[in-house]
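Come and look along with me.

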Amino acid sequence: MPTSETGRARPDRLLPSEDVIGPADAGTGASSSVERTPIDRKRQPSGDEARGRAMRAAIAVIAEKGTAALRMSDIAERAGMSTGHILYHFGKKDRLLLEVLVWSQADLWTRFRQAADQAASPAEKLDLFVRFYLPRHQGDERYALWTQVLAQRHDEAGRRVLTELLDGWDERLEAILREGRELGHFADVDLPEFTIRAVAMLSGLAEDVMFGRSRWQHTSVHAFALSALERELRPTGRA
């Protein structure tokens, strides 16, 4: 389940990066102890600003409280907005999680595309993909949101939305692999099969991080995952 990392690759880091610039800087990746925004009733945000603020606040509150105790007023307080404004953006609570996840992933994909467009090679794009996919730390709010959403019961429409989100990440990885293969940077792997295994590995590692496995306290999960992928993708005869 992809989460929140952005920024240029820094393979020399030895610890999971909690200070790397990413969607946290837009208010989504900060810890749950982030300060509430005071409500300024004379200037309530509107349009995209309001929706973004509401969504970021919802991500933080969901990660902190879960869904059972979640109240719209909690989101309003975190966002510095009125409860009426929050209700306007979300409608009812039962559709809140899925809407927030869809917004979160669209925001993340935009940031990924912007970073990938500046990458110099497929190898750099692969590095970025791993960074965006894995949680940055045990309290990563975007990954916590995924966990909350997947734990819910969904109707056919909800399952279709979730499937499209998951498939979207598979498609992005396949595109990177295809580009690298065509340029001779990557081995001629079976793209669908490699993608399934790669995403399964990343998801397992992400769960390890969120659970707080001690093995990742002094070792970079990003470096571990990237090294595993690069070993398989290294063209024959290339050191």
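**Entry 1: a covered helix.** I noted that this is a predicted model. I began with the buried residues of α5, which pack against α4, α7 (156-182), α8 (191-211) and α9 (221-233). I then looked up how much of α5 is covered: ten of its twelve residues are buried. Among them are Pro122, Leu126, Val130 and Tyr133, and the charged Lys125, Asp127 and Arg131 are on the list too.

**Entry 2: the length of α5.** I checked the span of helix α5 (residues 122-133) next. Its twelve residues, at 1.5 Å a residue, should span 16 Å, and the end C-alpha atoms are 16 Å apart, so the two agree.

**Entry 3: α4 with α5.** How do the axes of α4 and α5 cross? I found that they come within 10 Å and cross at roughly 155°. Angles over 145 degrees count as roughly antiparallel, so α4 is roughly antiparallel to α5. The crossing is right-handed. From α4, Leu108, Arg111, Phe112, Ala115 and Ala116 make the contact, with Lys125, Leu128, Phe129 and Phe132 from α5. I sorted these residues into seven nonpolar, no polar and two charged.

**Entry 4: α4 with α6.** I turned to helix α4 (residues 96-117) and helix α6 (residues 141-150), whose axes come within 10 Å and cross at roughly 140°. Here α4 passes α6 in a left-handed crossing. On the α4 side I listed Leu97, Leu98, Val100, Leu101, Ser104, Gln105, Asp107 and Leu108, which meet Arg142, Leu145, Trp146, Gln148 and Val149 of α6. This contact divides into eight nonpolar, three polar and two charged residues.

Conventions: Residues numbered from 1 in each chain as written. Predicted model: local features only at pLDDT ≥ 70, side-chain atom pairs only at ≥ 80, totals over all residues. Heavy atoms only, no water. Axes fitted to C-alpha atoms, helices over the stretch in contact; angles between N-to-C directions. Helix = DSSP H or I, 4+ residues; strand = E, 2+ residues; numbered from the N terminus. Left-handed = near helix turned anticlockwise from the far one by under 90°. Contact = heavy atoms within 4.5 Å. Expected span 1.5 Å × (residues − 1). Buried < 20%, exposed > 50% of the residue type's maximum accessible area, 1.4 Å probe, protein only. Parallel < 35°, antiparallel > 145°, perpendicular 65-115°, else oblique.
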